[in-house]
Amino acid sequence: MVSPELSHFQSSPMAKPRNRPFWCLSDGFLYFGGACLALLLVWSFWSFFTPIPNFEPTMTEPPSKLRKNPVDCMESGFGVNLKSDPKDPTFYDDPEMSYSLEKPVKDWDEKRKEWLKHHPSFAAGARERIVLVTGSQPKPCKNPIGDHLLLRFFKNKVDYCRIHGYDIFYNNLLLHPKMNSYWAKLPVVKAAMLAHPEAEWIWWVDSDAAFTDMEFKLPLERYKNHNMVVHGWPKLIYQSKSWTSLNAGVFLIRNCQWSMDLINTWSSMGPMSEDYVKWGQIQRSTFKDKLFPESDDQSALIYLLYKEKEKYYDHIYLEGEFYLEGYWVEIVGGYENTKERYLEIERGVPKLRRRHAEKVSEQYAAFREEFLKEAGNGKGSWRRPLITHFTGCQPCSGDHNQMYAGETCWNGMVKALNFADNQVLRKYGFVRPDLRDSSTVTEVPYDYPADEGPW
């Protein structure tokens, strides 16, 4: 757009035509040029002594173009290069590769290693990288409050993963038409292993299980010589031969060929197998406390451990030192006591009361650990359970175990979810004063004495 001044200068009827050569400047123009030159000299001297602000736009080029070493992405703040997928062929380009359970994956360790070689930015931290996998049915819940409860259970898992930097995948489809109910997890876990070669571990958590210690992080170093971690007890497997000797609703499985082979063997006892009915009979005759005739994933895993101990026992870590998953009936009633004991610790330890960013929560978990030595673990402990598992409640269908009333299940779930959510909400400045009331919150006061400070 032409400025009014310039427009007037060009169109004024009083303007005289130029009748001198182009290189001759009028006196006025000479005066104007001299003034501009003087201003330019003044600006030059001023800028020499005064730093010039940088008004250049923020660089948006990928880190690989800004550094001599394109592999080093750690300084970018993201750690991995999400925009690079080289043209080098990998297992994804093999037309024979299948995500389905029917077709086993071979040489997975080599294929995964090759993929990581072509995506070197994922190498750093790969040994501790976890993808949490969970899911639910493809249709709306029959229980009127079922969908709401499942949403809250999912939010709980998303919160936990965000705090600890884990990826999460939620599936609500049957990836194999015959593998339904508790068997539906196996095709999802296999697909997740193939979809995430960058992850060392896949962590399956049932939809009816809630994280109730949002700070606790799995002790992966403890599992370095194992390929699977599940909550269980060896005596109940090999002496009692009980179908509840472990719980397959929560497990950690390494992304490796051993795990691929286990999934193939494990799933062969499920509904996709022609011997499905036979496996149910074998399980029930082996585990006398098994009450229903169908083959299930939990009994199948226990059967493998029991019958092929030499092949599986050294590779499967039976975690019994903390609640990798805990039976809700023995946990829910202790939340109030646990909450008060943790608050009591914080009253005497200012650094645990310090307000802080959610991203650094793990540091405060480490601070807190030294004050939890007397808390114990498992039943009777006042330590927060990592996961509270509502086994037998079935929030979506509402077909709960007749051992307890449905309202007991739903009220317990609300209490557990609020207990966990309070730990998250505190980072955002609020808390629910009553674990039974989901809708009322209060602001968390700043309670440091003026002469004390956070440290």
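**View 1. Ring pairs gather four aromatic residues into a cluster.** In this predicted model, the members of the cluster are Tyr160, Tyr166, Trp203 and Phe211, linked to one another through ring pairs. Across the structure, the count comes to 22 aromatic pairs. One of them is a tilted pair between Phe91 and Tyr92, with ring centres 4.1 Å apart and 35° between the planes. Here Phe91 is buried at 6% relative accessible area, while Tyr92 is partly exposed at 32%.

**View 2. Trp382 meets a ring from helix α12 and the charged residue Arg341.** Tyr342 and Trp382 form an edge-to-face pair, 6.2 Å from centre to centre and with 85° between the planes. Because Tyr342 belongs to helix α12 and Trp382 to the loop between α14 and β9, the pair ties together parts 40 residues apart in sequence. Arg341 lies over the face of Trp382, 4.2 Å from the ring centre.

**View 3. A lysine sits over a tyrosine ring.** The charged end of Lys309 is found 4.4 Å from the centre of the Tyr238 ring.

**View 4. Arg112 and Glu200 form a salt bridge between distant parts of the chain.** Their closest N and O atoms are 2.9 Å apart. Arg112 comes from helix α4 (residues 108-118), and Glu200 from the loop between α6 and β3, 88 residues apart. Arg112 is buried, with 9% relative accessible area, and Glu200 is buried as well, with 4%.

**View 5. Arg384 and Glu215 make another salt bridge.** Here the closest N and O atoms are 3.7 Å apart. The partners are 169 residues apart, with Arg384 in the loop between α14 and β9 and Glu215 in the loop between β4 and β5. Arg384 counts as buried at 11% relative accessibility, and Glu215 at 10%.

**View 6. Glu336 pairs with Lys339 within helix α12.** The closest N and O atoms of this salt bridge are 3.4 Å apart. Because they are three residues apart in the helix, Glu336 and Lys339 are separated by about one helical turn. Glu336 is partly exposed, at 30% relative accessible area.

**View 7. Shared partners build a salt-bridge network.** Lys155, Asp159, Arg162, Glu358, Asp421 and Arg432 are joined into one network. The whole structure holds 27 salt bridges.

Note on methods:
Residues numbered from 1 in each chain as written. Predicted model: local features only at pLDDT ≥ 70, side-chain atom pairs only at ≥ 80, totals over all residues. Heavy atoms only, no water. Salt bridge = Lys/Arg side-chain N within 4 Å of Asp/Glu carboxyl O. Helix = DSSP H or I, 4+ residues; strand = E, 2+ residues; numbered from the N terminus. Buried < 20%, exposed > 50% of the residue type's maximum accessible area, 1.4 Å probe, protein only. Phe/Tyr/Trp six-rings, centres within 6.5 Å; stacked < 30°, edge-to-face > 60°. Lys NZ or Arg CZ within 6 Å of the ring centre and 35° of its normal.
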